[in-house]
Amino acid sequence: MISQASRGETGSAVSASTNTLLSIRNVEKGFGSRRVLRGISLNIDPGEFLTILGESGSGKTTLLRLIAGFETADRGEIWMENRRLDTVPPYRREVNTVFQSYALFPHFSVFENVAYGLRAKGTAKHEVPERVKAALAMVKMSEFAATAPARLSGGQQQRVALARALVNRPRVLLLDEPLSALDANLRRQMQAELKSLQREIGITFIYVTHDQEEAMALSDRIALLRAGSLEQVATPREIYRRPETSYTARFIGQTNILRAEVRDGVASSGVIAWRTPAASGTATFSLRPEEIRLVPTQSPEVQPNGSVARFKGNVVNQTFGGAMDFLEVDCGSGQTVRARVANPGPLNGEHLFEFNVNDAVRVRDTEEI
Amino acid sequence: MYSRSYKTTVAIPPLIWVTFFLLIPYAILFCYGFWSVNSLQVVVRSWNLENYQELIRNPMYLTVLFRSMRIAASVTLLALLLGYPLAYYVSFHAAKRKELLYQLVIIPLWASYLVRGYAWKTILGREGVLNGVLNFLHVTGALELLQYHLNSFFSSHATFHTWHVTLAPMSFLLYSPFAVILMLTHIYAPFTFLPIYASMEHIPRNLLEASHDLGASPWKTFRRVVLPLSLPGVIAGCTFAFVLTLGDFLAPLLVGGPSGIMISNIIASQFGAAFNWPLGAAISVCLLFIVVGLLFLTERLERKLSFS
């Protein structure tokens, strides 16, 4: 990896710390001839909010189900602290799941749903009502204790499912796209509540989603899964600012993938050229649209030094986006660059753009051209 | 969305059906129940309650009715004991064999009821398959004792030669309430299996996962999730077996013998050999009310137990 200018971000998010809570070691899983997970290794710290992010079919739900115990791995091991977890049946794991479709028991009231886990594990009788009430209060559902699940809205069912899992005080809470069935407003509200709840109780959350914005908003770390392999595991900031691969750069947020020819410390991709410490040869870079600035027409003569690169292009499309406008810039010979510029006013014709050379992040090209 | 004339048009076939195949026949039956026959066995259309009084006066009718109910209850219990575990296995644990097993349960339903009845006659008869095997194995003595106790439980003191057409010498297994129960269990068990299986298929699988996830073992999960959610199917299945058995008259005719006679045989004989249609109609009406009352109760119970 090419070294980048320091931004105050600390790396090495993947390295195993000594107090790892959950350790997934080289796990493989296939259904028939289809290989769903290929050699997954991942360490999760206590109290961490980890999101497994991926497109549908990337294997993220399968990975979650392996941790819950609903599926058995073909190869590899899962450990919780210093005990093997993957050989333990699901009903003896200190792990609870919030299901995508909530899976509330229709024949029990909200109270009995939440009490289910406590009763199943033989919790002392006098302790059950207190703990259920506390759990319902935590998700603000106290007044619905006697209600049947079928009478609740989606958001309310979601809260009950959360209380039903958390009342057992699991070591790890697994959440399988828990907000995907909610409408956008409720979703944002629940995101905020989930995050503050997780901070408050300090339980490790493993959260599965296909929504990269949700992943960025909630997570301490994101594990990006692509076709059964981990593409990158890092904090949201790091995975956004320093994507290791072109796939990551494209999946998390928007970007321009620049496939460049490097010669004598200068990378050139189409009409765009900039200084780089990369060795000569071909290299791929990711340049976020918001890192590209519009150079004011009054001051084009100010010559940039080596840390800033400039290029000219025709604005072919401008989308108003409130604070930031989205531009499509045609640089000629079929090269189109996307830029996000703050309050540029209406633009057309040729303009001069610039970016800091350090913002063109060298990535591994993991996609076909 | 649909016009009034359209709705009226599509309602005509069921209306015709219900009128001509249900309402009118039942009305006729109901009327007959209040008529009587004279000494020349001619139906006299004078309204009276004599038939119903006769049903209460002569203990034979109630005896046979209660025996029919005992047989129906036995068949229901056996069909449930066979059908429930089978439905549970096929629905939850059969994996790739699911479709095959389901079809294997269904296939006998395509075979004629009569054929299966005669098959049992062949199996249970004195010279039958079962006797041959049991004789060969020298276990007949023990079974004879068992059969004696079973039959004495189901038969009353009275036997009803008059109404029976296929009187045959008492045999080892054949011609007994035991044989009727065996045959009807075989025939109606799929009717018990099907609604139970259907109700199990409707249980969302993630409820079982949720139960395991919350710390409940497979046994606890069965008791607290599968069993309560399959109860509507159990009620429906038991209703099928009970009602179908209660109204059955071919099994007693084929394998029942005098001690295995059921209420429907008495009804049939009143419309046949005895030529007393009014009395037959009165018994039919009583049986109809029992069945309708039962269906009403189980329907309510089923609705109370379902949550979808």
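My entries follow, in the order I looked things up.

**Before starting.** I reminded myself that this is a predicted model.

**Entry 1: domains of chain A.** I looked up how chain A is divided and found domain 1 (22–248) and domain 2 (249–363). Taken over C-alpha atoms, the centres of these two domains of chain A are separated by 40 Å. I then checked where they meet: 11 residues of domain 1 of chain A are in contact with 10 residues of domain 2 of chain A. On the domain 1 side, I noted that helix 7 (236–241) and helix 8 (246–251) of chain A are the elements giving two or more residues. Helix 8 of chain A gives the most to that side, with 3 residues. Sorting the domain 1 side by class, I got 5 nonpolar, 4 polar and 2 charged residues.

**Entry 2: nonpolar cores.** Which residues have the most contacts inside the largest nonpolar core? I wrote down I67(A), V114(A), A163(A), L174(A), I206(A), A223(A) and F285(A), in a core of 101 residues. Helix 2 (residues 110–120) of chain A gives the most to this core, namely 7 residues. I also saw that the core draws at least three residues from each of domain 1 and domain 2 of chain A.

**Entry 3: chain B.** I counted 13 helices and 2 strands in chain B. Of the 308 residues in chain B, 35% are buried. I looked at contacts in chain B with a separation of 6 or more, and 77% of them are between residues 24 or more positions apart.

**Entry 4: positive phi in chain A.** I found that E177(A) has a positive phi of about 40°, although it is not a glycine. E177(A) is in the loop between strand 7 (172–176) and helix 5 (184–201) of chain A. Is E177(A) buried or exposed? It counts as buried, because 20 other C-beta atoms lie within 10 Å. A227(A) is also not a glycine and has a positive phi of about 50°. I placed A227(A) in the loop between strand 9 (221–226) and strand 10 (229–234) of chain A. A227(A) has 15 C-beta neighbours inside 10 Å, so I put it down as partly exposed.

How values were computed
Residues are numbered from 1 along each chain as its sequence is written. Chains are lettered from A and ligands numbered from 1 in the order in which they are written. This is a predicted model: local features need pLDDT of at least 70, side-chain atom pairs count only at pLDDT 80 or more; totals for chains, interfaces and linings use all residues. Helices (H or I, at least four residues) and strands (E, at least two) are DSSP runs, numbered from the N terminus. A residue is buried if 20 or more other C-beta atoms lie within 10 Å of its own, exposed if 12 or fewer, and partly exposed in between; C-beta atoms are placed from the backbone. Two residues are in contact if their C-beta atoms, placed from the backbone, lie within 7 Å. Domain bounds come from an automatic or database domain assignment. Ala, Val, Leu, Ile, Met, Phe, Trp, Tyr, Cys and Pro count as nonpolar, Asp, Glu, Lys and Arg as charged, and the others, Gly among them, as polar. A nonpolar core is a set of buried Ala, Val, Leu, Ile, Met, Phe, Trp, Tyr and Cys residues joined through C-beta atoms within 7 Å.
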